[in-house]
Amino acid sequence: DRVVLKFKEYITLVKPNDNILITPRPEVAPIITAHNKTLEIQFVTPLQENTTYTINFNRAIADITEKNDSIFQYVFSTGDYIDSLSISGRVKDAFTNKGCDGYIVALYPMTNDIQFDSIPYLTKPTYIAQTDENGDYKLNYLKYGLYYLFSFDDRNKNLKLDGGENLAFLPEKNILVNRKNIRADLKSFSIKSSESEVDHVNFLAPGKLEIIFTFPPDTFHI
């Protein structure tokens, strides 16, 4: 029910909720703590049986003295073997053809309970990865099966698609994960909504609040 990592130096955590990604994603977020030279991840809910888990540390652990950090991955299985299937590709902006940096790449088990278009809005993904500065990504240690593949710029880091966030998905909708090194490139686009929504809010010192909408609102009230 826990993972404990011991280091030679005293450590500190750097935005662990943002920089530590666990796939498949646990139902309840684990408790992550660092004390002296030890990092502990305590799982709150039982892990799935016969499942390969990956813990990605994306500069989440730093040396207290020199502030050195690292990117590494810890892999373990609750069964007798490690799943070895994978998907890799690149997420590009459909209009500029440039790579999309920092996008979430989300893999969902195929289901008939939720309409395809609503999946990234209503549910959190089972497997997740993040694109680099070139838009490249890789999902490793996947289990055999049919999945839906989406990508979006998860600005509020809630692992769900929200209004104003860009989206990418496969035209054929589902993808069969049945071998290593499956290639899946995605094109990201901006979702146009007919309703006016708050795009972002800026606080301009000393006392000005600027609210930016996606479209001019018919009415507005604070």
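## Ground rules

Two strands count as paired if DSSP finds at least two bridges between them. Helices (H or I, at least four residues) and strands (E, at least two) are DSSP runs, numbered from the N terminus.

The model is predicted, so to speak of local features a pLDDT of at least 70 is needed, side-chain atom pairs count only at pLDDT 80 or more, and totals for chains, interfaces and linings use all residues. Residues are numbered from 1 along each chain as its sequence is written, and side-chain values use heavy atoms, with hydrogens and water left out.

Let's start with β8, residues 85–93. Seven of its nine residues are buried, so β8 is largely enclosed by the rest of the structure. Buried here means under 20% relative accessible area, exposed means over 50%, and partly exposed lies in between (1.4 Å probe, protein chains only).

Which strands does β8 pair with? With β11 (residues 136–142) the pairing is antiparallel, over five bridges, and S88 has K138 as its bridge partner there. With β14 (residues 182–183) β8 runs parallel, joined by two bridges; S88 stands opposite R183 in that strand. Three bridges link β8 to β15 (residues 186–188), again in the parallel sense, and D93 stands opposite S188.

## A three-stranded open sheet

Another place to look is an open sheet of three strands, ordered β1-β5-β4 with antiparallel pairing. Its edge strands, each pairing on one side only, are β1 (2–6) and β4 (31–35). On average, neighbouring strands of this sheet are turned by 10° against each other, direction ignored. Axes for such angles are lines fitted to C-alpha atoms, for helices over the stretch in contact, and the angles run from 0 to 180 degrees between N-to-C directions.

β4 and β5 (residues 38–42) are antiparallel and joined by five bridges. Within this pair, I31 stands opposite Q42.

## Two pockets

On a 1 Å grid over the protein atoms alone, a pocket is an open set of points with protein on both sides within 12 Å along at least five of seven lines, where a 1.4 Å probe fits; lining residues have an atom within 4 Å of a point. Grid points are joined across faces, edges and corners, and a volume is the space filled by probe spheres set on the points.

The largest pocket holds about 600 Å³ of space. Its lining has 25 residues, with N17, I20, L21, K157 and L159 nearest the centre. Two or more lining residues come from each of α1 (16–19), β3 (20–23) and β10 (127–130), and α1 gives the most, with four. The lining splits into 12 nonpolar, six polar and seven charged residues. In this scheme Ala, Val, Leu, Ile, Met, Phe, Trp, Tyr, Cys and Pro are nonpolar, Asp, Glu, Lys and Arg are charged, and the others, Gly among them, are polar.

The second largest pocket has a volume of about 490 Å³. Of its 21 lining residues, L21, N56, N58, A129 and Q130 are the closest to the centre. This lining divides into nine nonpolar, nine polar and three charged residues.

## P125 in its loop

Where does P125 sit? P125 lies in the loop between α2 (119–122) and β10. Is P125 buried or exposed? Its relative accessibility is 1%, so P125 counts as buried.

Leaving out residues up to four places away in sequence, P125 touches R25, A106, L107, Y108 and L159, where contact means heavy atoms within 4.5 Å. P125 and P24 are 101 residues apart in sequence, and their C-alpha atoms are 8.0 Å apart in space.
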